[in-house]
Every structure is written in structure tokens, then in C-alpha cells.
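Please look over the sequence and the model first.

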Amino acid sequence: MSRAVVSALAGFVGVPALLAIYLVGIERLLRQVSIRRRRALQPWLWLAPALLFVAVFLIYPVGYTLVLSCLGPASRGFVGLANYRFALTNPGMILAFQNTLLWLVGFSALTVLCGLILALLTDRVAYGAAARTVLFLPQTISFVAAGVTWKFVYAFRPAGDPQIGLLNALLVGVGRTLNPVAWLVVPWVNTLALILVAVWVWTGFCVVVLLAALRAIPPDVIEAARVDGTSEWQLLRAVTLPLLGPTIGVVTTTLVIFALRAFDIIYVMTSGNFGTEVIASRMYKEMFTFQNFGRASAIATLLLAATSPAIAANVRRFRRPPEGES
Amino acid sequence: MTEQSAAMSAQRRATPSAPVGAVRRVPLHAVVVGLSLFWLVPTAGLFVSSLRPASAVASTGWWTALRPPLRFTLENYAAVLGAYGLGRGFLNSLVICVPATVMPIAIGALAAYALACMPFAGRPLVLLMLVGSLVVPLQATLVPVFQLLAGWGLVGSFAAAWLAHTGYGLPFAIYLLWGSMAAIPRELLEAASIDGATALGTFLRLVIPLSVPALAALAIFQFLWVWNDLLVALIYVGGQPDVAPVTVMVSNLANSLGRDWQLLTAGAFVSMAVPLAIFFTLQTYLVRGILAGALKG
């Protein structure tokens, strides 16, 4: 208990105090030097703490992961591309790649679709805001909590026993002759079941972002099309969807990045058993369970490579400040 | 979800509502209500189960508890908070979260100020680096950062989580605050500097007050992100009861007592208490933060 109190004090009081001392310190320092020097030095001094953190916790680790991926399990001895050969040929890894691909396609497509449908539909009913509140709720809880929530929905009891999981109870109750399904055990079904949880969590995000874009469409564009006698369906296909295109692109990028590093849901719901392993959970297992830092780093590097198009797109897109905040 | 947009949608809704429309709109309502239920029912079931006695949870579905005789109990919460250590885990989560929220925001605000308000030669390069690191997968940093923290003797301590979350949270923090600070009219900044205000004075008296909405959105985001995080805590902090946050504890429970649903459901609800409280009180800021470019998973 005392350790927590000491830590808390250090964190709550010590950190702000350190920053305050630093700020006053650099002001003093800058007062000593010439105006020209000050102009040149000042930005870097304000940036320094942030650059230090980013360098130590992001830039250096990414670079060092590349080095480690060519070393042995204990980060010693050069092994060339052996870790990559493992990562690309091991049957467990191939399964993880297949599952990740399923996550990428299935999760992203389904979430965007749900988000789009629900953004369009909740915009047309009087209780839309309330519905969106409900949809957004899972977005705020942890994947751990979402995982437990759905593990309970998927709970399985052998046929004949009373089903305590909602899904199997519906299955047995509605289709009298149907047998309960072990949702988290049957191959492929279980990965889809896990994906559904992620869809449940992320749809709220899609709805919020897509709805904002939908409402940013000038009303006269819609009105003009309506006056021309366009049906609602044609309106959607020819006007609304093309105008939403860029936003759908941004949302999809976010979802793809999430799908690539999805870990929590799998860890909590199946621990990667029954063939549900993905790249990110496999990397954790190599690092923590098998203590093979070389292989873990090779897998992490592949993950980074898969993310790099998104990183490049970000760099292109975000040279200028984000809009909508002031 | 804001008043303005609600008014706009009301206006838009008014257009196609002919008398025939009411009947044609039945499928629309069915779909919206049905999907809303799909989103609500799992959480509701979790909550109901967490209040049921162990024997009832193990033998019947939670929906049967909604019929009389109603038998609810708080003993599951007493058990997980006490014997299973989630009370301590809740405290640990708070001790991790507050500095891990304050640090990246404070440090990020300094950096964003430099990027938004001080012209200098290296700026494009710094921005490139920050925006590029915005979506780097954490997995690509885990092993080296773990080795670093282990070398400093910090693995298994709160400080490990503070430092790691600060590093990981900074690119997004700087990005969001930079956007807000870059929108401050240049004339205001120039007027302040003509009046003889120092950089620190301008920062504290002008830039920070004008950035409050962005700071609030960011604080909520970072807090939720750290509170809900599993991976960083699992690797750098670990599962020892005196440091493990509530997410690590609940995931351990999920993997060890897979069949004691009354405990698991109560545990999951304990971990959801803070996010739900934030959600219901600060939803507007949360949505604003998302729209300002929430690219973090």
C-alpha cells in the first residue's frame, strides 16, 4: 500500500513540478543569450522533452527491433534471415497470417458497412441520438471487458443442458432441433465470432465519423437531386456515397490499422487457442511465453511493414494541421 | 449529437414524411431498434448476471432473472473487489492513469506550442517524424522498450507504465494540440509579443486557455486509452497484485476461472465503471476528440 502512495505522490506532484522547473529554467537560460541565438534555440528547448520521449520509446525501439529480428532468441548472435524464414513458413504463423487477413477484410468491411447503414438510418429517426449513444457505448469500454461480455454471450453447454449463453439459448430455443455451437472452439467460426466482437466495439466510431461527414454535405445538393425526382436509392448511390468516399477511406485506414494489431480480444476470449491466433497475439507469445526475442522482433517487423502504407498515407495527408478544432 | 446537428437532421427528416411514409417507415424503425438492441443486450446481460447468485448464474440464462421471484445480490462484487483483488486493481489503474494522462498532455503541449507558434528551420522534419510515428504498431517497440525498462529496473512498477504511455501517447497528443494551437489567430500572438510577453507568458496566459477544448478532448482520450489498455500493462507492469491494473486482473480471471461467470461478469463491470462514467458525463468531448482525428486504436 505504501508503495502505491509513494508512487502516486511522485507521479501526481513530482512530474508537474519537474516540468515547471524545466520551463522556468529554459526561460532563464534564454534570457542570457542574444536574440538571434534565442530564436534558434527556443523551439528546440520547448520540443526537447517530447522529442526525447518519442526517440526513446518509438524511434529507437523500431530501429532496434529491425536489428533484433536478425539476432538469436536471447538477442545475441547473428542468425541472418532465419527468424523471418520461421515467421513466413511455420504452420502456426501461416495460420496467424490467414486469420489476420480474415480480420483485415472481414472486420473492416463489416464495420464500415454497419457504420454506414446505421449512420444513414439513425439520421432518419427521431430517437437517432439515443440510438447512437447505445451504439457508441462499447467504444468506451476496454477490449478486455468487451471480450468477457461476449464470451458470456457465446457460452456453450452440451446439448440437453440449459444454455446460459444468449446465442446458444436462442439457437436451441428458436430452432428446436438445432444443437448448440461451441462458438469459440470450432475453427473459422471462432475467428468470425471474435471479429464480431470487434465490429460491435468499433461500429460506434464509424457511425460518429460518417454521420459528421453526412451532415457536412450541403443540404442544397440533396435538395437539388430530390427536385430532379431522384429516388432515395439513386441519391445514395450517385450523390451521398461518392461524397462520403474520402471519409470512408479515413475510417477504413483506422480500422485496418486496428485489425493488424488486434490482440486484447483474442487474448481474453481464446488465448489464441483453437486456431484463432493472429500476428499480434503470436508476437506476444513468442516474446513472453517462449522468450524468443529474435522471432518476436521478426514478427513485429512484418507487422510494421504491413502498417507502412498507412504510415506513408498519414505523412502525405497530415502535413497540415487537422481541421475542426479551435 | 450536438444541438446544431440535431436541428439540422430534424430539418432533413421533415422532408419525406407524407402520410404513406409512416407505414413505409416501419422497416426502418425495426432495423434501427433491432440493431440498437443488438448493441445493448450483451452489456445488459453482463450487468444482470453480475447481480445474480452463483448457483443461478450457473444453471439458468440471465434473462430468466428478469421474471419474479427477483433474486439479486451484491456478493459477487464483494468477492471480486476483496478476495480477488480488483479493489486494489482499481486503485492501481488510477495510479497508472493519472500521471500517464498528465505527462503526455503537458509535454505534448510544450511541443505543440513550439510547432504551432515558433517558426524554425527543422519544423517540417519534426512534423514528419511525429505524424509518421502516429500509427506505428506498439508491437514494433515492445522488445527494445522492455529491455530498456528492465535495464533501468522499472519493469513491474507504475513508472514503467507512465513512461511507456507518455512515449506512445505523445505523437497523438502533439498532433491534436498542434491543430488547435495553429488555429489561434497570428495577430493575437504578435500582439502579445509586442507587449513584451515572454514565450512562457504567452503560453500560459494565451495559448493554453484557448486550447482548453482540445486539451479536454485529449485528456479524456488518453485517460480512456490508458485505463482500457491491456498490452502495455501486461508486458511492462505485469500481473503482481500490488501493481497490476484492473484490465490485467480481469483478463487473468477470464483465463483462470472461465466458468465462474458471476465473478467474471462482476469483474468486467468493475473495469467498465470508470469508462461508463466518463462516457455518460463527457460524451460531447469524446465525440469531438474522435472527429478531430482520433487515429489511435
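Two residues are in contact if their C-beta atoms, placed from the backbone, lie within 7 Å. The model described here is predicted.

## The domains of chain A

With that cut-off, four residues of domain 1 of chain A are in contact with six residues of domain 2 of chain A. By class, the domain 1 side of this contact has three nonpolar residues, one polar residue and no charged residues.

Domain 1 of chain A covers 2-68, and domain 2 covers 82-317. Between the C-alpha centres of these two domains of chain A there are 37 Å.

## The domains of chain B

Chain B is also assigned two domains, with domain 1 at 3-73 and domain 2 at 81-291. Their C-alpha centres lie 33 Å apart. Seven residues from domain 1 of chain B and six residues from domain 2 of chain B make up the contact.

On the domain 1 side of this contact in chain B, helix H3 (26-50) and helix H4 (54-59) are the elements that give two or more residues. H3(B) has the largest share of that side, four residues. Sorted by class, the domain 1 side in chain B holds four nonpolar, two polar and one charged residue.

## Overall form of chain B

Chain B contains 15 helices and zero strands. The C-alpha trace of chain B spans about 75 × 70 × 30 Å along its principal axes. The radius of gyration of chain B is 24 Å, whereas a compact globule of 297 residues would have one near 19 Å.

Of the 297 residues in chain B, 51% count as buried. Taking the contacts in chain B between residues at least 6 apart in sequence, 76% join residues at least 24 apart.

## Where the two chains meet

## The largest nonpolar core

The largest nonpolar core has 180 residues, and B:Tyr113 and B:Ala161 touch the most other members. Helix H6 (residues 86-117) of chain B supplies the largest share of this core, 19 residues.

Which residues does B:Tyr113 touch, not counting residues up to four places away in sequence? They are A:Trp46, B:Met181, B:Phe203 and B:Val207.

## A covered helix in chain A

Helix H12 (residues 279-289) of chain A is mostly covered, with nine of its 11 residues buried. The buried residues of H12(A) include A:Ile279, A:Ala280 and A:Met283. Charged residues are also among them: A:Arg282, A:Lys285 and A:Glu286 are buried in H12(A).

Against what do the buried residues of H12(A) pack? In chain A they pack against helix H4 (91-122), helix H10 (232-261), helix H11 (264-269) and helix H13 (293-317). Helix H8 (139-151) of chain B is packed against by the buried residues of H12(A) as well. Just after H12(A), A:Gln291 takes a positive phi of about 55 degrees.

Technical notes. Residues are numbered from 1 along each chain as its sequence is written. Chains are lettered from A and ligands numbered from 1 in the order in which they are written. This is a predicted model: local features need pLDDT of at least 70, side-chain atom pairs count only at pLDDT 80 or more; totals for chains, interfaces and linings use all residues. The radius of gyration is taken over C-alpha atoms; the globule rule is 2.2 Å times the number of residues to the power 0.38. A residue is buried if 20 or more other C-beta atoms lie within 10 Å of its own, exposed if 12 or fewer, and partly exposed in between; C-beta atoms are placed from the backbone. A nonpolar core is a set of buried Ala, Val, Leu, Ile, Met, Phe, Trp, Tyr and Cys residues joined through C-beta atoms within 7 Å. Domain bounds come from an automatic or database domain assignment.
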